[in-house]
Amino acid sequence: MTNLNAQMVEVLSGVRSEIKVDTEGKGSITKYGLAKLLGISYEVLLSDRAAKKLVESLATVGFSLSDR
């Protein structure tokens with residue numbers, strides 16, 4: 001496993017409980033999990049206008065953002 005792959009596995013393991021996949025294969029992530037995945041504070045995700053664009057972009061590829 002390359003160093004990048006190992007880092008990705010470590011990051012995803014840290015947010016695993018924040019990610020859900022329904023029976024149809026549609027994924028969702030909590031706001032807390034998304035902030036953690038992006039390496040930003042939860043507060044920035046809640047208040048930053050760019051965060052809204054990010055949520056919209058994720059929605060276009062099948063993700064929905066759930067509250068936590």
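Residues are described here as buried when their relative accessible area is under 20%, as exposed when it is over 50%, and as partly exposed in between, with a 1.4 Å probe and with protein chains only taken into account. At 26% relative accessibility, Tyr42 therefore counts as partly exposed. The structure is a predicted model, in which local features need a pLDDT of at least 70 and side-chain atom pairs count only at pLDDT 80 or more, whereas totals for chains, interfaces and linings use all residues. Residues are numbered from 1 along each chain as its sequence is written, and side-chain values use heavy atoms, with hydrogens and water left out.

The chain contains 4 helices and 3 strands, where helices (H or I, at least four residues) and strands (E, at least two) are DSSP runs numbered from the N terminus. Along the sequence these elements follow the pattern α-β-β-α-α-α-β. Of the 68 residues of the chain, 16% count as buried. The chain exposes about 5,200 Å², of which carbon and sulfur atoms supply 57%; accessible areas come from the Shrake-Rupley method with a 1.4 Å probe, and for residues only the protein chains shown count as cover. Among the contacts in the chain with a separation of 6 or more, 43% are accounted for by residues 24 or more positions apart, contact meaning heavy atoms within 4.5 Å.

The largest nonpolar core is made up of 5 residues, namely Ile29, Leu34, Ala35, Leu45 and Ala51. Such a core is a set of buried Ala, Val, Leu, Ile, Met, Phe, Trp, Tyr and Cys residues joined through side-chain atoms within 4.5 Å. In helix α2, Gly33, Leu34 and Ala35 are buried. When its neighbours within four places in sequence are left aside, Leu45 is in contact with Lys31, Leu34, Ala35, Ile40 and Ala51. Helix α2 is followed by Gly39, whose phi is positive, near 75 degrees, and Ile40 lies in the loop between α2 and α3. Ile40 has a relative accessible area of 35% and is therefore partly exposed.

Ile40 also belongs to a nonpolar surface patch of about 440 Å², made by Val11, Leu12, Leu37, Leu38, Ile40 and Val44. The elements that give two or more residues to this patch are α1 (3-15) and α2. Patches are made of residues with over 30% relative accessible area and no salt bridge, like charges being joined within 9 Å and nonpolar side chains (Val, Leu, Ile, Met, Phe, Trp, Tyr) within 5 Å; a salt bridge is a side-chain nitrogen of Lys or Arg within 4 Å of a carboxyl oxygen of Asp or Glu. Leu12 and Leu37 are 25 residues apart along the chain, and their C-alpha atoms are separated by 7.4 Å.

A search of the whole structure finds 1 aromatic pair. The rings of Tyr32 and Tyr42 have their centres 6.5 Å apart and their planes at 55 degrees, so the pair is tilted. Rings of Phe, Tyr and Trp (its six-membered ring) pair if their centres lie within 6.5 Å, with planes under 30 degrees apart counted as stacked, over 60 as edge-to-face and the rest as tilted. The pair links distant parts of the chain, with Tyr32 in helix α2 (residues 31-38) and Tyr42 in helix α3 (residues 42-47), 10 residues apart. Tyr32, at 35% relative accessibility, counts as partly exposed.

Helix α3 also holds Glu43, which at 54% relative accessibility counts as exposed. Glu43 and Lys31 are 12 residues apart in sequence, and 9.8 Å separates them in space, C-alpha to C-alpha. Elsewhere, Gly25 is found in the loop between β1 (19-21) and β2 (27-30), and its relative accessibility of 54% makes it exposed.
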